[in-house]
Amino acid sequence: MERLQDIDPLETREWVDSLEAVLEVEGPERAHYILEQLVDKARRSGAYLPYRANTAYLNTIPPHLEEPIPGDQGIEHRLRSFVRWNAVAMVLRGGKKDLELGGHIASYASAATLYDVGFNHFWNAPSENHGGDLIYMQGHSAPGVYARAFLEGRLTEEQLDNFRQEVDGKGIASYPHPWLMPDFWQFPTVSMGLGPIQAIYQARFLRYLEHRNMAKTNDRHVWAFMGDGEMDEPESLGAIGLAAREGLDNLIFVVNCNLQRLDGPVRGNGKIIQELEADFRGAGWNVIKVIWGSYWDPLLARDNDGLLLKRMEEAVDGEYQKFKSRDGAYVREHFFGKYPELKARVANMSDEDIWRLNRGGHDPHKVYAAYAAAVKHSGQPTVILAKTVKGYGMGAVGEGKNIAHQQKKMPEQALRHFRDRFNIPIADDKLGEIPYFRPAENSPEAKYLKEIAAARGGSIPQRRRKSISLPAPKIDAFKALLEPTGEGREISTTMAFVRLLTALVRDKTIGKHVVPIVPDESRTFGMEGLFRQLGIYSSVGQLYEPEDSDQLMFYKEDKNGQILQEGINEAGALCSWMAAATSYSNSNVPMIPFFIFYSMFGFQRCGDLTWASGDLRARGFLLGGTAGRTTLNGEGLQHEDGHSHILAGTIPNCVTYDPTFAYEVAVIVQDGLRRMVEEQQDVFYYITLMNENYPHPGLPEGATEGILKGMYKLSDGGSAKGPRVQLLGSGTILREVIAAGELLKSDWGVTADVWSCPSFNELRRDGIAASRWNLLHPADKPRAAYVEQCLAGTKGPVVASTDYMRSYADQIREWVPRRYKVLGTDGFGRSDSRDNLRRFFEIDRHYVVLAALKALAEDGDLPAAKVAEAIKKYGIQVERPAPWTV
Ligand SMILES: Cc1ncc(C[n+]2csc(CCOP(=O)(O)OP(=O)(O)O)c2C)c(N)n1
Ligand SMILES: [Mg+2]
């Protein structure tokens, strides 16, 4: 807001004096009340007083209200300096190897104090007395976190030297990756924006666990560190409203406002701290700005006319950055020098004194005060906006420079400067080696670190690999799904799944661990029956009588509710799922989340989060509802998914299935529970569910293993002589394949064996494993891939049809021993009837027949004329454009 003109300073003074008196005598709360009354009165009288989300460009906590930092600040400073040094050393030593490994110096250099104060004074490791605080660390600050772990003796010199060299197992990961360092890192953050949004839902999930009596989480905090540049990601700010609405006072964001991102300034022409303050305050957060360090305090205390504040407010970030890229003389001239009176105020300070005027984020006293206020604050989440200098301490090679982010070289002179600045005991003649520094075992610094670890229950970060195991229910628990649906009864796999889920939540042992998650699609999937039965989680219960309270299945919100209804918010729902799916690790309580969503709005919409779920070692079920390019028929191009299995298949530990029958769903989920909940394997499941109703047969004898491996024989054509084909299918299209088998027999005298293939992805994984083994063991008897084993004793060409792109079923081609034809739904979807769509995409029974006849003709087992005859018989248009071109 523009500063308003003061047309009557005397009158202003009187008002301010009155306020000061109230503040002094009655305190800030009373002052706040009176001010609100005045504003309210003015507004009611018609004055236009626009809401102002910003406070002055000053620290939120005035010096007299700062809680003093405990501990030995001398030792903490030295320890921090050693961490700084080692973080730089590991990047520079890596750089010497010329392996083009990369690494970052400037980010951690700016953030060191922010982390250090947390490590030393606030964060609890998981222990008998505490569930552990959860810290989302900024990915490219990892060197600093490793450097501290090195000082603690948790990492060796060899490991630091192998930073970013992980292939031979000696190294440590570039960024926080639980997949690569499962005992160390808890949260993958480095894809910008994913840390903040995950942290919000993590904090919310801790509440959920507490409210449902699954774990005691009341004393645990979630801290999330992020860059100011990172705040431009929609995911960073996208869920802050939820955090405020839920009153998540167990959540603390720390935004390292070093004013720079990778290419240059974050807001050269503005002030990122003020912008973020407004965003967060507007959303209902408690905002604590930590802008100025203690050296500014005396200057600010004397700023009676507000001139210093005026100068602070008018300078933009581009200028602030430049000040720190120069020196004290420059700051004197260009910051204070703008106003002669201001310049006069620093006349008795040397250039060094002026240079020492520090930013809040580098001042442990200010940072401590902010953190202390944040953990005490109740009713709101807190964001700490800490102003720092990118490349702090790097001097001329990086400090405040636009190139700072990627600077991973420091000439010896710069290194010497850094050593001197932080007083690292390394001799001149050793500098060239850039040795690590670790204080002696019995030094006060080493002892101090040990004391901190003891007081805080251990080291941070640390990750729990396994929690208690829960027994998976036996398959009979889902008996109803294993039997035929019966005369005239038709259901969809979605309905089958809902029945399964209903049975599962009733399970005595694991029922309460189940977390159904929906993004406003319960009714779409026929799950509204669960509302009443399980309740929808709400931290405040239900403050109203729902409109449908007289109904059996009314909309029931409950503090004890089990369902997470996340609203139209797939990314948020996925983050809830991720929190639940890693609760075994983060809270030592295994939870079993089932997140059901429109399949198009899962891997495609939130692909980066699903990828991070793999890294996270998430365990749970993702259910792509109303899946298939032609099965969800009326919704058109943006809804009809024919590729989620391909996207899911890119995640190495994501196990995927496209079942057709209820018993397949049951077998798959039961086995998933066995693997994830009982055996604690770090995999997660993606299962597509459809909304097409049809009768379901019972579980065939001996089919279980094949279902799980991805392929089993559904029907055998018998011992008839003559041409024969092998037909493969999955999902709803398997039913077209079955029908094609019948047509082949009745119309063309061709015998078909029909195979249900619930997972071409799993078949491929098995196949590549066999091929790899054979490649590496040329002299041994070759292993046959499972597909080869299945098809070994069979005859005739192989035809596959699914509701997914051709590349899905095509993946197994290497192990199909004979001619292989694949049909699929390449192209944009559109709305129409299922029959029309399946004809349009050329995947229906007639096309399966056609492909089979063509393959037989190519093999010389059928005259080519028969194929032309079939085209005519089924009215297939041969000159129409390919479906993926229109
Ligand atoms: C989604 C995503 N986009 C881009 C990047 C590449 N990247 C890594 S760090 C960085 C700049 C970060 O700036 P900021 O958030 O201000 O952090 P700082 O290093 O300044 O603390 C970029 C663009 C990334 N990691 N993730
Ligand atoms: Mg930055």
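1. Is Glu11 buried, partly exposed or exposed? Glu11 counts as partly exposed, at 42% relative accessibility. The classes are buried (under 20% relative accessible area), exposed (over 50%) and partly exposed in between, with a 1.4 Å probe and protein chains only.

2. Basis of the note. This is a predicted model, where local features need pLDDT of at least 70, side-chain atom pairs count only at pLDDT 80 or more, and totals for chains, interfaces and linings use all residues. Residues are numbered from 1 along each chain as its sequence is written, chains are lettered from A and ligands numbered from 1 in the order in which they are written, and side-chain values use heavy atoms, with hydrogens and water left out.

3. Negative patch. Glu11 sits in helix 1 (residues 9-26). Helices are DSSP runs of H or I, at least four residues, numbered from the N terminus. Asp6, Asp8, Glu11 and Glu14 form a negative surface patch. Patch residues have over 30% relative accessible area and no salt bridge; like charges are joined within 9 Å, nonpolar side chains within 5 Å.

4. Nonpolar patch. Trp15, Leu35 and Leu38 make up a nonpolar surface patch, together about 310 Å² of accessible area. Areas come from the Shrake-Rupley method with a 1.4 Å probe. Leu35 belongs to helix 2 (residues 28-44). Leu35 is partly exposed, at 38% relative accessible area.

5. Salt bridges. The count is 53. The rule asks for a side-chain nitrogen of Lys or Arg within 4 Å of a carboxyl oxygen of Asp or Glu.

6. A pair within helix 1. Arg13 and Asp17 form a salt bridge, 3.0 Å from N to O. The two are about one helical turn apart, because they are four residues apart in helix 1. Arg13 is partly exposed at 42% relative accessible area. Asp17 is also partly exposed, at 37%.

7. A pair between helices. Asp116 and Arg80 form a salt bridge, with the closest N and O atoms 3.0 Å apart. Asp116 lies in helix 4 (residues 106-121) and Arg80 in helix 3 (residues 73-96), so the pair ties together parts 36 residues apart in sequence. Both Asp116 and Arg80 are buried.

8. A pair in helix 28. Lys709 and Glu705 meet in a salt bridge (3.0 Å, N to O). Both lie in helix 28 (residues 704-709), four residues apart, about one turn. Lys709 is partly exposed, with 34% relative accessible area.

9. A network. Glu412, Arg416, Arg419, Asp420 and Asp428 are joined into one network by salt bridges that share partners.

Methods. Lys and Arg count as positive and Asp and Glu as negative; His and the chain ends are not counted. The place of a charge is taken as NZ of Lys, CZ of Arg, CG of Asp or CD of Glu.
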